[in-house]
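Let us walk through this structure step by step. Keep the sequence and the 3D view side by side as you read.

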6 protein chains.
Amino acid sequence: MTSNTTADTQGSPQTALERGRAIVAQLNPGLEEVLSQRYDEQFPDFAETLVEFAYGRLYAREGLDLKTRQIATVAALTALGGQTGPQLRVNLEHALAAGANRRELLEVILQMSVYGGMPAAINGMNVAMQLFEEQDALAS
Amino acid sequence: MTSNTTADTQGSPQTALERGRAIVAQLNPGLEEVLSQRYDEQFPDFAETLVEFAYGRLYAREGLDLKTRQIATVAALTALGGQTGPQLRVNLEHALAAGANRRELLEVILQMSVYGGMPAAINGMNVAMQLFEEQDALAS
Amino acid sequence: MTSNTTADTQGSPQTALERGRAIVAQLNPGLEEVLSQRYDEQFPDFAETLVEFAYGRLYAREGLDLKTRQIATVAALTALGGQTGPQLRVNLEHALAAGANRRELLEVILQMSVYGGMPAAINGMNVAMQLFEEQDALAS
Amino acid sequence: MTSNTTADTQGSPQTALERGRAIVAQLNPGLEEVLSQRYDEQFPDFAETLVEFAYGRLYAREGLDLKTRQIATVAALTALGGQTGPQLRVNLEHALAAGANRRELLEVILQMSVYGGMPAAINGMNVAMQLFEEQDALAS
Amino acid sequence: MTSNTTADTQGSPQTALERGRAIVAQLNPGLEEVLSQRYDEQFPDFAETLVEFAYGRLYAREGLDLKTRQIATVAALTALGGQTGPQLRVNLEHALAAGANRRELLEVILQMSVYGGMPAAINGMNVAMQLFEEQDALAS
Amino acid sequence: MTSNTTADTQGSPQTALERGRAIVAQLNPGLEEVLSQRYDEQFPDFAETLVEFAYGRLYAREGLDLKTRQIATVAALTALGGQTGPQLRVNLEHALAAGANRRELLEVILQMSVYGGMPAAINGMNVAMQLFEEQDALAS
C-alpha cells in the first residue's frame, strides 16, 4: 500500500485522474466532457470517476498494450450479452482508435459464441455491422 | 468536470483515496492491508484502486446512508448469483458493521428470489447462514 | 411447515394473496388490474401469482421496511443489467411511493458499477434519468 | 383477477399451496420438510413459499406435462451457469422422477452450449455425471 | 475420438453440416441463406458454422426428440433474459414447427420466473405475445 | 454458403475438424484425448464437437492472431464470473502456450472489473494466482 504514484507507473508521476485523461485524449477526445454534460447534474463526479477508475487505474497500467486492452474489452462486452450494446459500440470505436482493424474486431466478437453463447455473439455482430455501415455512410 | 474535491463532498476536502480509507476504517479496519498483502505482488495498486474507487468514489458519496448502501450491495451480490459468494460474505460483515441487523440481511437476500431467481436466493441464504453460524461459534 | 397464516405475519391473519394486495395498494394501486388485462388471457393467474408471491410472500414480510426493500430491488435490477430496464423503471416508481427520494435512488444505481460493472450502472442511470425527466414534464 | 381457485385449475379446487404439495409428493416426498428444517428458523415460511410459488403456482399449471417442465428446468439451470450446480442436481433428480431418462437429460445439457456457452454446458455435464455415478454406486 | 460419422448417428452417414441442413430444412427452410446474406460478407462461414454446430452437432443428436429440444431452448433463452429477445422469437417459431403448441410455449416461459427471475419471465412473455399477435394478424 | 473448405481458410484445405486439431496440437496436445476419456461415454462426440467448433471453426480463422484470441478468451471468462473458473484456468494455460506472458494475463483480468464488476475480477485474479503458484511449485 503506497502513495497514489507507484512503482507501476514510474516515469508517469501523475495522479490516476491525470493518467486517465491522457488515455481518453488518445482514444476519444472530449469523452469526459460529453459524459459530464449528460450525467453530472444527476450524478455529480460520475464522469471524473469513470475516467479516473477505468482509464487512470486500469487502462493506464503497464504490462498490456492499449490495442489488446481494447480488444479484450470488446470480447467481454460481447460475452456479457446484448444489454451492453451501447458500451460495445463505444468500445469498438475506441479499439479502432487504439489501432485494431475491423477484421480483428469482427473475429473476436464471433469467437465469443463459444463462451457467451450464440445469441450473445449474434447481438455483438449486429452492433459491429451497424457501426461500420454508419461509419462507411459518413465517409462516402 | 471539476477538481478531485467537488461540491458533492464539500466539507470533506480529501482525495478520493483518503475518503475511501475513512470509510474502510469504519467498516473493516485493516482491509486494505489484507488486500495488499494478498494481491499487490501480482496486481500492483489493486488494493488502493479498490479503496479509492469503490469506497472513496461511491460509498463516500452523500445522498444515501452507509447502512442502506450495504444492504443494497447485499441485494446485488445475491441477485448476481453464487459466483459472488466470497464477496457476499464480506459485504454481509460490512453491512453488520454499518448498523444493519441479521434479520434485515436475511430478508433482503430472500427477496432477491423475485429478481435473480430462486437458485440465486438460496445460494445467498446459505452464505448468510454459514457466516452467522461461524460468528455464533466464535462468540460462544 | 405451518399454515398459510404463520407466526411471521401474526396480527395480519390474511392469506398471502391478501397481504400482497395490501402492499400493492400502497405502492401502485391498480397494478394487478393492469397486469391482468395485459397477461391473463395468455397467462391465466399470472397477475395473481405475482402479487401473491412477490408482494404477499416477500415484500409483506416483517424485518425490513418497505422503503429499504424497494431500494434493494433497484440495486438488484441495476446490477442484473439493461435487460431489466422496464422492471427497473416500475420499481423506481414503487421506491418513490415507498418513501425513497430521487437522490437515494440515483446513488444506489451508481454504486452498482462496483458489482454489476460500469455498463450495467450506466444503463440503470439512463433509465432513472428518463423516468425523472418524464415525471417533471408531466408535473410542469 | 379472480379467486385463488381459477378456471386454469378447475377440477382441482385446492389452494396453490395444496397443489404444490401434491406435485412435490410426486417428485420428491419430504422436500418441504427438509427445506423447513434447514431454513425455517432463519427464513420463516421460506419452504412453504417455495412449494406454493414454484410448484403450486407454476409446475401445477395445465398445458405442459411435468416431464417436459422438468427438462425445461434442467435446460435453464444449465444455461444460467455453474452457480446453480446444487439446484441443477436436485432438478435432475426431479426430472428422473417425472419420467425423463438419463440420455434425455444429458442431451439437453449438452445442447445448452449453443445458448449459455461451452463453459456453462461443461459445468452442467459435470454435475450430471457426478450425480449418475453416485446413483450407480448406491445401487450396486 | 472417432470419425465425423459416429455410432451416435449411425444410419445417417452424413457430415455434421449435412445433418444440420436436414434439421434446418424441417424447422426453418431458407434460414442458412438468410444468415448467409446477412452475415457472410463480414463473417465468412458464420452461417455454415451455426448450422453445422448448433443443428448438425447438437439438435441432430439422438436421445431427445426435436420438439422437446426446442422447448428446452425456449426455456434457456427466457431464463437468460431479455438480451436474447430476437433469438427467443426465432426459436419460438422453430418450436411451433417442431410440433409444440402455443400453450406449451407460454407455460415454459412463465415457469422460468423461478429460475431466471420474474423480470426475465415477463420479458419472455412479452416476446411470445407479440409474435403470436403478429402471426394471428397475418393469418386473418 | 459454400463447402466446408472456404475462401476464409484457403491454403488450408482441411475440414474444420482437422483445422481444430492442428490448433489444439499447438495449444494443448492431448486435450481431445483427455476430453474423450472423460466425456465420450456419456456425451458421444462431445470432444470432437468442441474441437471442430471452437478451434476449427473459430480459433482457426484468419484475421486475428492466436495470442490475442486467447487473451480475449481470458477477458470473457473473467467477465462472465466465477462460474467459469475451471475454463478460465485451462485458457490461461492456452494463452501462455500461445505466447502471452503472465503480466499480460494478470492485466486483462484486472481490467475486467470495469465490465464484469469487482467480484468477477477478484475471482479471476484468484484463479490466475493459484495457477501460477502451482506452476512455480512444479518448476522448482
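A:Glu48 is buried, because its relative accessibility is 3% and buried means under 20%. Its partner is A:Arg21, and the two form a salt bridge. Their closest N and O atoms are 4.0 Å apart. A:Arg21 sits in helix α1 (residues 16-27) of chain A, while A:Glu48 sits in helix α3 (residues 46-59) of chain A, so the pair ties together parts that are 27 residues apart in sequence. A:Arg21 is partly exposed, with a relative accessible area of 30%.

This is a predicted model. It scores ipTM 0.85 and pTM 0.86. In chain A, the mean pLDDT is 86, and 89% of the residues reach 70 or more. Take care with residues 1-10 of chain A, where pLDDT stays under 50.

Back to the charges. Side chains of opposite charge can pair when their charged atoms come close. Over all chains, the count comes to 59 salt bridges.

Now turn to chain C. C:Asp136 and C:Arg102 meet in a salt bridge, at 2.9 Å from N to O. C:Asp136 belongs to helix α7 (residues 118-139) of chain C and C:Arg102 to helix α6 (residues 102-111) of chain C, so this pair ties together parts that are 34 residues apart in sequence. C:Asp136 is partly exposed at 40% relative accessible area. C:Arg102 is partly exposed too, at 27%.

Chain D comes next. Here D:Lys67 forms a salt bridge with D:Glu104, and the closest N and O atoms are 3.0 Å apart. D:Lys67 lies in helix α4 (residues 66-79) of chain D and D:Glu104 in helix α6 (residues 102-111) of chain D, so the pair ties together parts that are 37 residues apart in sequence. Are the two residues buried or exposed? D:Lys67 is partly exposed, with a relative accessible area of 25%. D:Glu104 counts as buried, at 10% relative accessibility.

Finally, look at chains A and F. A rotation of 180 degrees, with 0.0 Å of shift along its axis, superposes chain F on chain A (RMSD 0.0 Å). That is the relation of a two-fold axis. The same surface serves both copies, since 100% of the contact residues of chain F recur in chain A.

Zoom in on F:Thr73, in helix α4 (residues 66-80) of chain F. F:Thr73 is buried, with a relative accessible area of 0%. Beyond its neighbours within four places in sequence, F:Thr73 is in contact with A:Gln111, A:Met112, A:Tyr115, F:Tyr59 and F:Asn91.

Note on methods:
Residues are numbered from 1 along each chain as its sequence is written. Chains are lettered from A and ligands numbered from 1 in the order in which they are written. This is a predicted model: local features need pLDDT of at least 70, side-chain atom pairs count only at pLDDT 80 or more; totals for chains, interfaces and linings use all residues. Side-chain values use heavy atoms; hydrogens and water are left out. Copies are superposed by least squares on the C-alpha atoms of residues with pLDDT of at least 70 in both. Contact means heavy atoms within 4.5 Å. Helices (H or I, at least four residues) and strands (E, at least two) are DSSP runs, numbered from the N terminus. Buried means under 20% relative accessible area, exposed over 50%, partly exposed in between (1.4 Å probe, protein chains only). pLDDT is the predictor's confidence in each residue, from 0 to 100. A salt bridge is a side-chain nitrogen of Lys or Arg within 4 Å of a carboxyl oxygen of Asp or Glu.
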